[in-house]
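This briefing goes through selected features of one protein model. Please keep the sequence and the coordinates open while reading.

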Amino acid sequence: MTEIPQNGAPSAPILEIRGLRKSFGDLSVLKDISLSVEPGNVVSVIGPSGSGKSTLLRCASFLETADGGDILYDGQYAMKDGVYASKAELNHCRTRFGMVFQNFNLFPHYSVLRNVSEPPLLHGEDKEEVRERAMSLLKKMGLEGKENAYPCQLSGGQQQRVAIARALALRPEILFFDEPTSALDPELTGEVLKVIRQLAEDRMTMVVVTHEMPFARAVSNRVIFMDKGVIVEQGHPEDVFGAPTQERTKQFLRNYQS
């Protein structure tokens with residue numbers, strides 16, 4: 001669903017992927033994947049395990065090297081016809097996004113505050129400004145008073161909220177979430193999904209790989225269903241969940257809801 005700004009022109013996508021391909025040896029994991037993400041939109045990516053969802057995010061964030069296709073951020077090529085841009089151009093593209101992993105990936109020997117502050121400090125930002133921003137983000141995440149704690153002293157839900165604050169500390173244009181609740185029990189899952197819902201209400205642009213179907217239906221502007229490395233179906237969440245057109249989508253949703 002393309003957002004229409006007040007001047008009536010469609011928003012230019014923050015992220016465009018065209019014909020993306022990725023294989024691991026003889027296993028083709030992504031096959032001609034194309035999608036775009038407009039400012040303020042939430043795109044949820046659903047599908048069975050092994051469908052290529054996480055690899056898609058890892059290629060979009062340069063954690064995996066794609067084999068072919070185009071990746072653009074704000075119209076700037078990070079990869080064109082399978083050839084990556086220069087190191088300087090890729091580093092510039094990296095400032096456009098933040099990544100939240102399923103297993104938190106916090107530094108265990110850093111305090112909560114340092115975990116959140118470290119990325120912008122490494123980019124040379126002013127120490128006091130970074131501290132003020134980090135404290136504000138921790139408050140927004142419901143973690144006020146936890147700044148001096150260490151990850152081992154936090155619940156899984158709290159650790160994931162620290163990870164979200166860390167991803168936001170660099171003020172990215174788009175956030176990627178790779179199954180952010182898969183390591184959490186149901187109660188803690190609710191904590192994290194509440195934060196992501198709030199970010200959606202704040203018009204944060206996000207791509208969320210998730211198995212939380214009610215969440216994807218409620219929060220997304222667009223849902224993408226993947227299977228065996230291809231996009232089988234995509235559209236408005238009420239269309240994908242309520243009236244899917246592809247038999248594979250129907251089967252997946254029936255199995256998931258049974």
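The model is predicted, not experimental. Two helix pairs are described here: H3 with H4, and H5 with H6. A search of the whole structure gives 14 salt bridges, and several of them are listed by residue below.

**Helix packing: H3 and H4**

- Two packed helices are described by the angle between their axes and the distance between those axes.
- Helix H3 spans residues 112–122 and helix H4 spans residues 127–140; their axes come within 9 Å and cross at roughly 130 degrees.
- H3 and H4 are therefore oblique to each other, since roughly antiparallel would require an angle over 145 degrees.
- The crossing in which H3 passes H4 is right-handed.
- On the H3 side, the residues in contact are Val112, Leu113, Val116, Ser117, Pro120 and Leu121. On the H4 side they are Lys127, Val130, Arg131, Arg133, Ala134, Met135 and Leu138.
- Sorted by class, the residues of the contact of H3 with H4 are 9 nonpolar, 1 polar and 3 charged.

**Helix packing: H5 and H6**

- H5 and H6 have axes 8 Å apart and pack at an angle of about 25 degrees.
- That angle makes H5 roughly parallel to H6, because angles under 35 degrees fall in that class.
- H5 and H6 cross in the right-handed sense.
- H5 contributes Gly156, Gly157, Gln158, Gln160, Arg161, Ile164 and Leu168 to the contact, and H6 contributes Leu188, Glu191, Val192, Val195, Ile196 and Leu199.
- The contact of H5 with H6 consists of 7 nonpolar, 4 polar and 2 charged residues.

**Salt bridges**

- Arg161 and Glu191 form a salt bridge through their side chains, with an N to O distance of 2.7 Å. Arg161 lies in helix H5 (residues 156–169) and Glu191 in helix H6, so this pair ties together parts that are 30 residues apart in sequence.
- Arg161 is buried at 10% relative accessibility, whereas Glu191 is partly exposed at 26%.
- Arg114 forms a salt bridge with Glu118, and the closest N and O atoms are 3.3 Å apart. The two residues are 4 apart in helix H3, so about one helical turn separates them.
- Arg114 is partly exposed, with a relative accessibility of 40%. Glu118 has 14% and counts as buried, because the cut-off for buried is under 20%.
- Glu64 and Arg58 meet side chain to side chain in a salt bridge of 3.4 Å, N to O. Arg58 is partly exposed, its relative accessible area being 29%.
- Glu16, Arg18 and Asp70 are joined in a network of salt bridges.

**Phe215**

- Phe215 sits in helix H7, which covers residues 213–219.
- Is Phe215 buried or exposed? Its relative accessibility is 2%, so Phe215 counts as buried.
- Apart from neighbours within four places in sequence, Phe215 contacts Leu193, Ile196, Arg197, Val208, Thr210 and Ser220.

- Most residues other than glycine have a negative phi.
- Asp81 has a positive phi, near 50 degrees, and is not a glycine. Asp81 belongs to the loop that runs between strand S5 (76–80) and strand S6 (83–84).
- With 63% relative accessibility, Asp81 is classed as exposed, because the cut-off for exposed is over 50%.
- Arg203, also a residue other than glycine, has a positive phi of about 70 degrees. The place of Arg203 is the loop between helix H6 (186–201) and strand S9 (205–209).
- Arg203 is partly exposed, at 46% relative accessibility.

Terms used: Residues are numbered from 1 along each chain as its sequence is written. This is a predicted model: local features need pLDDT of at least 70, side-chain atom pairs count only at pLDDT 80 or more; totals for chains, interfaces and linings use all residues. Side-chain values use heavy atoms; hydrogens and water are left out. Buried means under 20% relative accessible area, exposed over 50%, partly exposed in between (1.4 Å probe, protein chains only). Axes are lines fitted to C-alpha atoms, for helices over the stretch in contact, and angles run from 0 to 180 degrees between N-to-C directions. Angles under 35 degrees count as roughly parallel, over 145 as roughly antiparallel, 65 to 115 as roughly perpendicular and the rest as oblique. A crossing is left-handed if the near helix is turned anticlockwise from the far one by less than a right angle, and right-handed if clockwise. Contact means heavy atoms within 4.5 Å. Ala, Val, Leu, Ile, Met, Phe, Trp, Tyr, Cys and Pro count as nonpolar, Asp, Glu, Lys and Arg as charged, and the others, Gly among them, as polar. A salt bridge is a side-chain nitrogen of Lys or Arg within 4 Å of a carboxyl oxygen of Asp or Glu.
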